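My notes follow as numbered points, with the cut-offs spelled out where a term first comes up.

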Amino acid sequence: MEMLNKDEEYRCRRCGKNEQENGGELHSLADLYWCEDHRHLGELLLWAGNHQFPAIKIVGIDQNYAIGAPNGPDNAYLWERGVFQGSEDMVWSTLSTVMSLSENKDEESA
Ligand SMILES: [Zn+2]
């Protein structure tokens with residue numbers, strides 16, 4: 001499986017902010033750094049990695065989205081790009097989709 005690129009710089013992967021310069025804190029999730037405002041994106045990528053970067057469909061407010069293809073070889077990359085660069089609508093809609101999937105106790109067994 002394609003591996004995520006580990007951060008070489010102590011900066012939030014989404015916005016580039018270095019919280020230490022402001023006396024703040026960066027969170028390391030999924031081998032990447034995230035500021036407090038974007039910590040949820042690290043958790044999203046962590047969830048995706050723990051679920052083998054699944055292909056999912058997302059209903060957004062502005063439009064609908066999809067990440068990956070069933071057994072797609074580039075799914076990890078597509079998840080990364082979506083989380084790093086996706087619109088606010090896309091990432092928040094993805095987060096709420098993932099949360100509803102996780103709450104579903106009927107999740108198919110592996
Ligand atoms: Zn940030």
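1. What percentage of the 110 residues of the protein count as buried? The figure is 29%, where buried means 20 or more other C-beta atoms within 10 Å of the residue's own, exposed means 12 or fewer, and partly exposed lies in between, with C-beta atoms placed from the backbone.

2. A word on the source. This is a predicted model, in which local features need pLDDT of at least 70 and side-chain atom pairs count only at pLDDT 80 or more, while totals for chains, interfaces and linings use all residues. Residues are numbered from 1 along each chain as its sequence is written.

3. On the overall layout, the protein has 3 helices and 4 strands, and along the sequence they follow the pattern β-β-α-β-β-α-α. Helices (H or I, at least four residues) and strands (E, at least two) are DSSP runs, numbered from the N terminus. Among contacts with a separation of 6 or more, 37% join residues 24 or more positions apart; a contact here means C-beta atoms, placed from the backbone, within 7 Å.

4. Next, the core. The largest nonpolar core has 20 residues, and Trp34, Leu45 and Trp79 have the most contacts inside it. Two or more residues each come from β2 (32-34), α1 (39-50), α2 (75-85) and α3 (88-103), with α1 giving the most, 5 residues. Such a core is a set of buried Ala, Val, Leu, Ile, Met, Phe, Trp, Tyr and Cys residues joined through C-beta atoms within 7 Å. Leaving out residues up to four places away in sequence, Leu45 touches Leu29, Ala30, Leu32, Trp79 and Val83.

5. How do α1 and α3 meet? Their axes come within 11 Å and cross at roughly 50 degrees; axes are lines fitted to C-alpha atoms, for helices over the stretch in contact, and angles run from 0 to 180 degrees between N-to-C directions. The two helices are therefore oblique to each other, the class left after roughly parallel (under 35 degrees), roughly antiparallel (over 145) and roughly perpendicular (65 to 115). At this contact, His40, Leu41, Leu44 and Trp47 in α1 meet Val91, Thr94, Leu95 and Val98 in α3.

6. Finally, have a look at Asn64, which lies in strand β4 (residues 64-67). Asn64 counts as exposed because it has 11 C-beta neighbours inside 10 Å. Beyond its neighbours within four places in sequence, Asn64 is in contact with Lys57, Ile58 and Val59. Asn64 and Met90 are 26 residues apart in sequence and 8.1 Å apart in space, C-alpha to C-alpha.

How values were computed: Two residues are in contact if their C-beta atoms, placed from the backbone, lie within 7 Å.
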